[in-house]
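Me: I would like to learn how to read helix packing and a ligand site in a model like the one below. Could you take me through the features one at a time?

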Amino acid sequence: MTMIKVENLAVSYGHGHNALKVLRDVSFEVAKGETFGLVGESGCGKSTVLGALAGRIKNWSGSIVIDGEGADPKRTKSQLAKQQMVFQDPFGSIHPRHTIGRTLLEPLEIQGMDRRHERIEEVLRDVGLSHNFRYRFPHQLSGGQRQRVAIARALILKPRILLLDEPTSALDVSIQAEILNLLKDLRERENLTYVLVSHDMAVIAHLCDRIAVMHDGIFVEVTTRSSLFRGDVAHPYTRNLLDGSRGYVATKPPREVAVG
Ligand SMILES: Nc1ncnc2c1ncn2[C@@H]1O[C@H](COP(=O)(O)OP(=O)(O)OP(=O)(O)O)[C@@H](O)[C@H]1O
Ligand SMILES: [Mg+2]
């Protein structure tokens, strides 16, 4: 079953003479339960793809269908709740002066959900934090714990899709693997679909089924994890990316890739 279907997506920032076209003719599908990776150099448009999917960027053209429903640039609250973003820097998504409990409560209030207390306890448990964390402030947490809270906040409204923008890049290598394993478990348990941006080929290899290689606002190639490992890629730009990460990819079989 298809969870995300994007056709001819184009995004520009700014207007008129100053308009900057950052995505052109981007098309892809993501199956339910799949993890779809986006790789490519800085500024090529990866976060813009996630922003359009998340409904954060509104001036796009083309077609986005999520879970069988056409995503109008103006989506309803419940449509917006279906996909949630997780960012590299959890400070960006967690209010520094609110307790974790308050941060988790807010989306539940906005959506008018009931069983709020139970849902907060449930989601903290899901990300491996004890219920006492609801009384803590972000500065009282480790980097890994903060990213767990950011994931909890993304999950609190029971989305179908997580849009993960470099979710482990700001973490110590030892913590990265913990968070990646948590994401993997959650995907199975909650039947989630992921779109994951990472510059780290080991992270991509750990989680992604298929990977789109982006260059200057377009998809130059969509490949599979096993093709990446075999080095069986068509586009010279993909080859360059692979050559740049030789230490991780294609020299080790997928299962043994050490993340960190
Ligand atoms: N709000 C904005 N206004 C104008 N230009 C923007 C805006 N956001 C991004 N851009 C530009 O759009 C292009 C794509 O940016 P985007 O953030 O999608 O890249 P990225 O692939 O995620 O890069 P990185 O790996 O550095 O995060 C870049 O040239 C960027 O400068
Ligand atoms: Mg980005």
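Reply: Let us begin with handedness: α5 passes α6 in a right-handed crossing. Please keep in mind throughout that this is a predicted model.

Me: How are two packed helices described in general, and at roughly what angle do the axes of α5 and α6 cross?

Reply: In general, a pair of packed helices is described by the angle between the two axes together with the distance between those axes. Here the axes of helix α5 (residues 143-155) and helix α6 (residues 173-190) come within 10 Å, and they cross at roughly 20 degrees. Angles under 35 degrees count as roughly parallel, and α5 and α6 are therefore roughly parallel to each other.

Me: How do α3 and α5 cross?

Reply: The axes of α3 and α5 come within 9 Å and cross at roughly 20 degrees, so α3 and α5 are likewise described as roughly parallel to each other. The crossing of α3 and α5 is right-handed.

Me: What should I make of α3 and α4, and which hand does their crossing have?

Reply: For helix α3 (residues 100-110) and helix α4 (residues 116-126), the axes come within 10 Å and cross at roughly 120 degrees. That angle makes α3 oblique to α4. The crossing of α3 and α4 is right-handed.

Me: Turning to the ligand, which residues surround ligand 1?

Reply: A shell can be read first as a list of residues and then by class. Ligand 1 is surrounded by Y13, V22, E41, S42, G43, C44, G45, K46, S47 and T48. By class, this shell has 3 nonpolar, 5 polar and 2 charged residues, and its largest share, 3 residues, comes from helix α1 (residues 46-54).

Me: How much of the area of ligand 1 does the protein bury?

Reply: The reference is the ligand by itself: taken alone, ligand 1 exposes 640 Å², and the protein buries 55% of that area.

Note on methods. Residues are numbered from 1 along each chain as its sequence is written. Chains are lettered from A and ligands numbered from 1 in the order in which they are written. This is a predicted model: local features need pLDDT of at least 70, side-chain atom pairs count only at pLDDT 80 or more; totals for chains, interfaces and linings use all residues. Side-chain values use heavy atoms; hydrogens and water are left out. A residue is near a molecule or strand if one of its heavy atoms lies within 4 Å of it. Accessible areas come from the Shrake-Rupley method with a 1.4 Å probe; for residues, only the protein chains shown count as cover. Helices (H or I, at least four residues) and strands (E, at least two) are DSSP runs, numbered from the N terminus. Ala, Val, Leu, Ile, Met, Phe, Trp, Tyr, Cys and Pro count as nonpolar, Asp, Glu, Lys and Arg as charged, and the others, Gly among them, as polar. Axes are lines fitted to C-alpha atoms, for helices over the stretch in contact, and angles run from 0 to 180 degrees between N-to-C directions. Angles under 35 degrees count as roughly parallel, over 145 as roughly antiparallel, 65 to 115 as roughly perpendicular and the rest as oblique. A crossing is left-handed if the near helix is turned anticlockwise from the far one by less than a right angle, and right-handed if clockwise.
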